[in-house]
Amino acid sequence: MSDCQCKTQVQVSENALLPECPASELCHKTRYHIRKMDCPSEENLIRMALGALPQVQQLQFFLQDRQLDVVHQGSPDAITQRLEALNLGAAIQSSAPFQADPTASVENSKADADERKLLQQLLTINAVMFVTELMVGLWAQSTGLIADSLDMLADAAVYSVALLAVGLSAAKKVRAAHLSGWLQALLAAGVLFEVARRFWAGTEPMSTLMIVMASVALIANTLCLYLISQSRSDGAHMKATKIFSTNDVLANLGVIVAGGLVAWTGSGYPDLVIGGIIGIIVLDGARRILALRT
């Protein structure tokens, strides 16, 4: 899922292909504590927000410790303003001179290529599963499956924005993120409306289709975890996708359990409960994306 509590420390050198600090101007490394940065979705927002600043040379994320190191030229004031605008509780912890490593861009170019390839594979899997699970969910009259498909869409949107990090301006990246955010918000609101409507009007989801489709989604997310485990890249998005896919597995299991309860009790309420929970999570992820400004 896009909204999560991360359990694994994620660290990366970002913007490795940006020009290094010139000898005539001193670089600094400023460390921020970002109170609300506990998930790759916040990391992605920060990447886009700071990507528009030419003085930013490198980013290092430590999600477990909620810390961000920024290697930059000149004053950190503009960086701090961008972070504060995200309302994630950013505060400077330290700032000191820093000597950039002249070999960093060469060493990380191969890792960047590996990261891009894996993101493309994960994007394909999530996009295909979004369409498939959405269609089956509509057929099975299951809000749980429909909401779970939106979770796939949310992940696909994050991977798409990550791929857009190469070669596009920050403004275009933010516009692309906003487009995906509005789409997620619209669909999530539709799911929550359906949950409310079916709660009052009654619902008869097809429990067998729920279990079968959620099992297929479980296999897809397990494949994502396998691909991530085979990757040698140390990029943050590679490690972050493991968090996404692990949480997606939990959502898939939730839908399977809900399908079993529907079959056992003959009631559609378990489907409505899981659909409502996932819908709220996706809607909150959309809200965070739409809060991003250039």
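Q: With a salt bridge taken as a side-chain nitrogen of Lys or Arg within 4 Å of a carboxyl oxygen of Asp or Glu, how many salt bridges does the structure hold?
A: This is a predicted model, in which local features need pLDDT of at least 70 and side-chain atom pairs count only at pLDDT 80 or more, while totals for chains, interfaces and linings use all residues. Residues are numbered from 1 along each chain as its sequence is written, and side-chain values use heavy atoms, with hydrogens and water left out. Among the salt bridges is the one between Asp 69 and Arg 31, at 2.7 Å from N to O, and the count for the structure is four.

Q: How many residues apart in sequence are the parts tied together by Asp 69 and Arg 31?
A: Asp 69 belongs to strand β3 (residues 67–73) and Arg 31 to strand β1 (residues 27–34), strands being DSSP runs of E with at least two residues, and helices runs of H or I with at least four, numbered from the N terminus. The pair therefore joins parts whose separation in residues is 38.

Q: Is Arg 198 buried or exposed?
A: Arg 198 meets Glu 194 in a salt bridge of 2.9 Å, N to O, and both lie in helix α5, four residues apart, about one turn of the helix. With its relative accessible area of 9%, and with buried meaning under 20%, exposed over 50% and partly exposed in between (1.4 Å probe, protein chains only), Arg 198 is buried.
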